[in-house]
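These are notes for a colleague who is opening this entry for the first time. Please read the points alongside the sequence and the coordinates.

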Amino acid sequence: MKWGAPILVALGLSMMGQAAATDCLSCHQDNGTSAKASVHGSLSCTSCHTTIHEYPHPQTATKVNCGSCHEGNSHDISGSVHASVGVQPCLNCHGAAHSILPASDPKSTIYPSNLPATCGNCHGNAQIARQAGLKEVYSPYIDSIHGAALTKDGLLVAASCSSCHGSHKILSKTNKASRTYYANVPATCGTCHAGPLRDYTAGIHGQMLESGVDSAPVCSSCHTAHQISSVEKTSWKMKTTATCGGCHKDELTTYHDTFHAQVSALGYVEVARCWDCHGSHAILPASDPNSKISASNRVATCAKCHTGASASFATYDPHADSHDQKRYPALHYSAIFMNLLLAGVLGFFALHTILWFLRSRFDRKGESHD
Amino acid sequence: MTEGPSVHIEEASKAGAPVRNYVRFSLAQRYLHGIFVLTFLGLALTGLPLRFSHAGWALKFAGAVGGFGTILFFHKTSAAIMSVAFLTHVANILYRVVVRREFGLVWGPDSMVPRLKDFTDFFANLKWFFWLGPKPKFDRYAYWDKVDYWAVFWGMAIIGLSGYAMWFPQFFVKFIPGSWLNIALLIHGEEAILAVGFIFTIHYFNTHLRPQNFPMDLTIFTGRQTEQEFKERHPVEYERLAKSGELETLAAPEPPLWLKNFARLVGGLAVVAGLVMLYLLVVAFIND
């Protein structure tokens, strides 16, 4: 079906001979030259300009319908978010009409490492993006781990726009059939990241998504969609605690009061953050024996950093809350004692000092009058 | 600043009368105080950014000095030096009491152990604050000197122990449950705030900034006090030593000017550094 039309055209050409094409080139030499080198080089002019039959031809040529050959793609576009874009939507991405190159050609506008710039023609323009109710995503993407790998290092397997959004059948992320609909995000990312997908699916977040919980985080909830960073980067590590804490607010508060958090806040990354203990994709509740923080695995988890950690060591609570009298009575009463000690000692001596100062001032005035 | 005892002393020396000086602290005690000053400032400087790590200045400070690694290195170094000084002091006291049988260190006017006179002095001083009685006559150590001493002693023991528990947790959890490490951090931080708050306000005022001593009491730096200061500050001790004839064994030449200026510089810098840190602490404490 897909090749049916070109074959027919080729058959027609061979019957008509080269006369028709040569006729066109006598006026449209530039178009003809570039078309010869394009993916459509084997076609004749009239394969696309189907309404031109003889010379002289009408001044206003009718619109070329790419869909007469590329039927499937044309159908996909008409159902996509780009359905209403421009007079000739195909050319917005595929470039000048007569010099369209195959996707495998490094000069093609849709060659993987060129694609971001092609999409960026519109999506990198804040004004155009705003008109469509979108954010400008080109610059965050291009500096992301995907964008840098693809466009700077030329790593062709790195995700470009179409890897996640598709090419012709791009749907809004609010559309349940979209590859970027939140519930479909794990599967979309998982086409490349099969390992994390496997772990995520087994983890509590994946289980939540599976059972239809709307608030279940997907890949992009933590990694963002376009600004995805290497997880080895300090800047990323410094942000993760706040990211987890966006949902786990109580846990963030209790973590905040521990040595791990204090050190972490000073920009030191070699210290326990959420995922060092809880894992990242295969996060499981402590009650699950497979969890990194389950009773049986906890010592090993601590020992990742604290060599020689024992069972006693692992009774340290990285989320201890001195306000929680029931769970942490010793810590709770220690905090009360320390507060009273501080207030008592400093308050008492502050008063003592003030009284002493006032009395001393008076004495000195007295002396100076002697 | 033109009033107070120092004026009397300067006037006396101008008049040609020799200013008599008496030893109050030994060279070892002066060095010990110096070590405590430096290590305490070092610990406070590196500890406050940790305790208040979410304050804006903490991150800036950490960045400026080379990060958390640097901070922790100097915190631990200061702690180790202070610990050695503390243990040296304790060992010295024990040696003097047990071997040299100086029981006066355990009980009496030369001891830091509180006695009844400290309590009566305290209440008498309160009365004096309100014009209800005369200023009490203090002995070698006034009650606030003892409070200073025991506050620092207790502070070093508690902060030190909880600090070492966090420094060597794998070792300490052989003796205490790991959950106590949560309490160790709490106590370490709160007790440190108390220590910093106490030293940089109460101790500074009691010893240096109060009007009679302003801007600084140089005794701990030079080891000597003038006869005038001795009589005013420690009248009971002065009279006792004068009566027993021991006073003259403590007589010493006036401290050289370079020593006094050195004391003013070091002590002044310590006071200023302390007050700056106190300000940052208060700001962070309010915003915490």
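Leaving aside its neighbours within four places in sequence, which residues is B:Q170 in contact with?

1. The model is predicted. Once the neighbours within four places in sequence are set aside, the residues in contact with B:Q170 are A:H306, A:G308, A:A309 and A:F313.

2. B:Q170 lies in helix α7 of chain B, which covers residues 169-172.

3. On the contact as a whole, chain B contributes 39 residues and chain A contributes 40 residues. On the side of chain B that touches chain A, at least two residues come from each of α2 (27-51), α3 (56-65), α4 (68-98), α5 (116-129), α7 and α8 (180-209). The largest share of that side, 14 residues, is supplied by α8(B).

4. Sorted by class, the side of chain B that touches chain A consists of 24 nonpolar, 11 polar and 4 charged residues.

5. As for chain B itself, there are 12 helices and 3 strands. The C-alpha trace of chain B spans about 60 × 45 × 40 Å along its principal axes.

6. Chain B has 288 residues, of which 31% count as buried. Taking the contacts in chain B between residues at least 6 apart in sequence, 73% join residues at least 24 apart.

Definitions and conventions
Residues are numbered from 1 along each chain as its sequence is written. Chains are lettered from A and ligands numbered from 1 in the order in which they are written. This is a predicted model: local features need pLDDT of at least 70, side-chain atom pairs count only at pLDDT 80 or more; totals for chains, interfaces and linings use all residues. Helices (H or I, at least four residues) and strands (E, at least two) are DSSP runs, numbered from the N terminus. Two residues are in contact if their C-beta atoms, placed from the backbone, lie within 7 Å. Ala, Val, Leu, Ile, Met, Phe, Trp, Tyr, Cys and Pro count as nonpolar, Asp, Glu, Lys and Arg as charged, and the others, Gly among them, as polar. A residue is buried if 20 or more other C-beta atoms lie within 10 Å of its own, exposed if 12 or fewer, and partly exposed in between; C-beta atoms are placed from the backbone.
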